[in-house]
Amino acid sequence: PPSPLQPPGIPLAPCRSFSNNKIQVELDESSGVAMMKLKSPPVNSLSLELLTEFAIGLEKLENNRACRGVIITSAVPKIFSSGLDITEMCGKSMEHYTEFWRAVQEMWLRLYGSSMVTVAAVNGSSPAGGCLVALSCDYRIMAENPKFSIGLNEAQLGIVAPFWFKDTFVNVVGHRIAERSLQLGSLHPAPEAHKLGLVDELVPEEKLMEKAAAVMAQWLALPDHARQLTKTMMRKAVVDRLVAHREEDIKNFISFVSKESIQKSLRMYMEMLKKRK
């Protein structure tokens with residue numbers, strides 16, 4: 001209800017924005033909805049810096065009583081996020097791998113376990129870690145462009161999606177689709193992603209933000225506590241599994257990524273990306 005001191009129709013507070021280098025956050029305190037934009041050109045790689053800013057941004061919003069929902073999107077045209085930054089995994093120290101992987105875990109734990117309504121407005125391609133970010137939200141809307149694709153394509157690079165990536169995927173599309181898609185490292189064009197239930201809705205690119213706001217309003221029309229408890233109930237087992245095995249998961253990542261064969265395939269992949277530019 002409008003505050004008695006506030007004439008109707010005048011927003012209670014202006015947009016508050018706090019932006020770091022890689023993430024831009026704007027909170028509209030009158031609607032309780034924040035917009036988080038990934039802005040790390042050229043492809044929004046999930047670097048240590050971006051992941052850290054992402055987690056801090058979410059934490060700030062989570063702790064702000066005025067914020068009830070967040071729309072996550074990209075400020076870079078044609079790409080939502082290209083996934084984990086390969087340079088963070090190539091030729092670095094054990095300490096660096098540890099810090100990097102902990103930041104990946106932290107980002108997911110905060111996003112997947114968030115009490116806010118989270119809507120992904122996928123306005124470009126979204127492979128691997130980019131797909132994980134979208135999968136971790138409550139609802140995914142994707143631009144209706146067959147050139148944009150989304151999926152956990154780790155297998156194509158000779159790497160394996162960790163168990164909690166897999167759990168998140170299974171919880172969205174079911175076991176069979178997830179199994180096939182993960183084994184083949186499939187990147188699904190938007191129409192196919194929609195058919196598989198990997199994204200909830202396709203809309204023309206220019207309608208994406210409008211649609212995200214409408215979906216957000218629909219989710220926020222419910223009493224927060226009932227929705228939050230339901231979300232926790234649905235997601236708790238998956239969150240708890242990573243929390244219980246965090247250190248072991250970091251060790252697995254380090255031993256896997258430091259294998260010479262894996263380093264070699266990551267280097268080859270980076271070379272291929274350089275040639276593509």
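A residue is described here as buried when its relative accessible area is under 20%, as exposed when that area is over 50%, and as partly exposed in between (1.4 Å probe, protein chains only). Cysteine 137 is buried under this criterion, with a relative accessible area of 1%. The structure is a predicted model, in which local features need pLDDT of at least 70 and side-chain atom pairs count only at pLDDT 80 or more, while totals for chains, interfaces and linings use all residues. Residues are numbered from 1 along each chain as its sequence is written, and side-chain values use heavy atoms, with hydrogens and water left out.

The cysteines were considered with regard to disulfides. A disulfide is a covalent bond between the sulfur atoms of two cysteines; in the model, the criterion is a pair of cysteine sulfur atoms within 2.5 Å. The structure holds 0 disulfides. For cysteine 137, the nearest cysteine sulfur belongs to cysteine 131 and is 11 Å away. Cysteine 90 is buried, with a relative accessible area of 11%.

Aromatic contacts were examined next. Rings of Phe, Tyr and Trp (its six-membered ring) are paired if their centres lie within 6.5 Å, and a pair is stacked when the planes are under 30 degrees apart, edge-to-face when they are over 60 degrees apart, and tilted otherwise. The whole structure contains 9 aromatic pairs. In one of them, the ring centres of phenylalanine 100 and phenylalanine 253 are 6.5 Å apart and the planes stand at 50 degrees, so this pair is tilted. Because phenylalanine 100 belongs to helix α2 (residues 94–112) and phenylalanine 253 to helix α9 (residues 246–257), the pair ties together parts that are 153 residues apart in sequence. Helices (H or I, at least four residues) and strands (E, at least two) are DSSP runs, numbered from the N terminus. Phenylalanine 100 is buried, at 0% relative accessibility, and phenylalanine 253 is also buried, at 9%.

A stacked pair is formed by tryptophan 101 and phenylalanine 165, with 6.3 Å from centre to centre and 5 degrees between the planes. This pair links helix α2, which holds tryptophan 101, to helix α4 (residues 163–173), which holds phenylalanine 165, across 64 residues. Tryptophan 101 is buried, with a relative accessible area of 4%, as is phenylalanine 165, with 1%. The charged end of arginine 235 sits over the ring of tyrosine 112, 4.2 Å from the ring centre; the criterion is NZ of Lys or CZ of Arg within 6 Å of the ring centre and within 35 degrees of the ring normal.

A nonpolar core is a set of buried Ala, Val, Leu, Ile, Met, Phe, Trp, Tyr and Cys residues joined through side-chain atoms within 4.5 Å. The largest such core has 70 residues, of which Met36, Phe54, Leu61, Ile72 and Trp108 touch the most other members. Helix α2 gives the most to this core, with 10 residues. Another core, of 13 residues, lies apart from it and includes Ala121, Val203, Val215 and Leu220.

Finally, the backbone was inspected. Most residues other than glycine have a negative phi, and most peptide bonds are trans. Proline 41 and proline 42 are joined by a cis peptide bond, with omega about 5 degrees. Proline 42 lies in the loop between β3 (33–38) and β4 (45–46), and asparagine 44 is found in the loop between β3 and β4. Asparagine 44 has a positive phi of about 55 degrees and is buried, at 0% relative accessibility.
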